[in-house]
Amino acid sequence: MNFNTPSRGKRSIVVSITLLCIAIAVIVISLNTGTIRLSPAAVLQTLFGNGSSDDQIVLFDYRLPRILVTVLAGAGLGIAGAALQGITRNPLADPGILGLHAGAAFGLMVFVSLSFTMDGSVALLIPLFAFAGSVAAALIIMLLSYDRHNGVSPIKLILVGIAVAAGFHALTLYLSLRLDEDTYSFAARWLAGSVWGRDWIHVQALLPWVVLCISYIWSRSKTLDAFNLGDAAATSIGTPVRSQRVILLLCAVALSAVSVSMAGGIGFIGLAAPHLARRLVGPMHRHLIPAAGLIGMVILVTADTIGRTIFQPNAIPAGVVVAAIGAPYFLYLLVRSK
């Protein structure tokens, strides 16, 4: 069946434009809402430098950096999930389920245990520690799930990922119990998926990783399409399967690791966003990847907005809101895949 048709391409463009409009609307709503509410007119005036000093502090020092982190992390998680599902040919592949987030959490906990903080220029090192933890988790998972005769079994990959995640969670918990009270409070908020307290330095730390990884993954859309044909068929049409799989896997691991290093332990976006995008634009990755990124962005920004507005004066971490929606969706996909 040929999915690469003009009608499919036109539909993907329409869907992408629609998703982009929804994303912009969600961002505008998020800018307007919070403990201190700003009207749309006040937001526009402040963005163009005509707002009051109080509005500028609220928007530029607190609200805008937080929203930009959720925008970048949501897009990164959605696209990382799409890439992992294409690489492994496993529709249930997700950075959180496969244990990559647990590895990133361990890396960040090592960072915190070394008496570093999330503030200042040292925050630029956070993605490196998270990436190292995720790579360690990915290597362990691939070594334990690989079979010389049958390759990597999708079900075995999931089971090994869950086991490895449990091990890294135990190590993370052990390190967190050795922290002082203030640092432990930060770690607990991060593990729950809270983006409270994010600053422009965190946007700067996240932006280059997201741009580079997403650009490379999207440029290899045809390679991901070839993976869906199977290794033998992909090799027969000239695709360097082994080298491209390793490079794309590293990009997906890096993208998910840096996203959770700044947004916290948020799961299920990498699972749900590609599935929803696939239903809207089809399986071709040149259409799927942008759609998955936009859907992930909408999910995370919406979850953060709900968490900090509906339950005022108490703020619910975005990770809790996402998990409340994502866990039932994962069970639905698991039952459906049987």
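Here are some questions and answers on salt bridges and cysteines in this predicted model.

Reader: How many salt bridges does the structure have?
Author: Side chains of opposite charge can pair when their charged atoms come close. Here a pair counts if a side-chain nitrogen of Lys or Arg is within 4 Å of a carboxyl oxygen of Asp or Glu. By this rule, the number of salt bridges is four.

Reader: How many residues apart are arginine 89 and aspartate 231, and where does each one sit?
Author: These two side chains form a salt bridge, with N to O at 3.2 Å. Arginine 89 is in the loop between helix H3 (53-88) and helix H4 (100-113), while aspartate 231 belongs to helix H10 (residues 231-236). The bridge therefore links distant parts of the chain, and the separation is 142 residues.

Reader: Is aspartate 231 buried, partly exposed or exposed?
Author: Buried would need under 20% relative accessible area, and exposed would need over 50%. Aspartate 231 has 32%, so the label is partly exposed.

Reader: Which helix does aspartate 231 get tied to through arginine 245?
Author: Aspartate 231 also makes a salt bridge with arginine 245, and their closest N and O atoms are 2.9 Å apart. Aspartate 231 lies in helix H10, so this pair ties together parts that are 14 residues apart in sequence. The helix that holds arginine 245 is H11 (residues 241-263).

Reader: Which residues join arginine 308 in one salt-bridge network?
Author: Start with the bridge between arginine 308 and aspartate 304, where N to O is 3.5 Å. Both lie in helix H13 (residues 285-309), four residues apart, or about one turn of the helix. Salt bridges with shared partners make one network, in which Arg308 is joined by Asp304 and Arg66.

Reader: Are arginine 308 and aspartate 304 buried or exposed?
Author: The cut-off for buried is under 20% relative accessible area. Arginine 308 comes in at 9%, and aspartate 304 at 1%. Both values fall under that cut-off, so the two residues count as buried.

Reader: How far is cysteine 251 from the nearest cysteine sulfur, and how many disulfides does the whole structure have?
Author: The nearest sulfur to cysteine 251 is that of cysteine 213, 4.9 Å away. A disulfide needs the two sulfur atoms within 2.5 Å, so cysteine 251 is in no disulfide. Searching the whole structure gives a disulfide count of zero.

Reader: What is the relative accessibility of cysteine 21, and what is it for cysteine 251?
Author: Cysteine 251 counts as buried because its value is under 20%. Cysteine 21 counts as partly exposed. The values are 47% for cysteine 21 and 14% for cysteine 251.

Terms used:
Residues numbered from 1 in each chain as written. Predicted model: local features only at pLDDT ≥ 70, side-chain atom pairs only at ≥ 80, totals over all residues. Heavy atoms only, no water. Helix = DSSP H or I, 4+ residues; strand = E, 2+ residues; numbered from the N terminus. Buried < 20%, exposed > 50% of the residue type's maximum accessible area, 1.4 Å probe, protein only.
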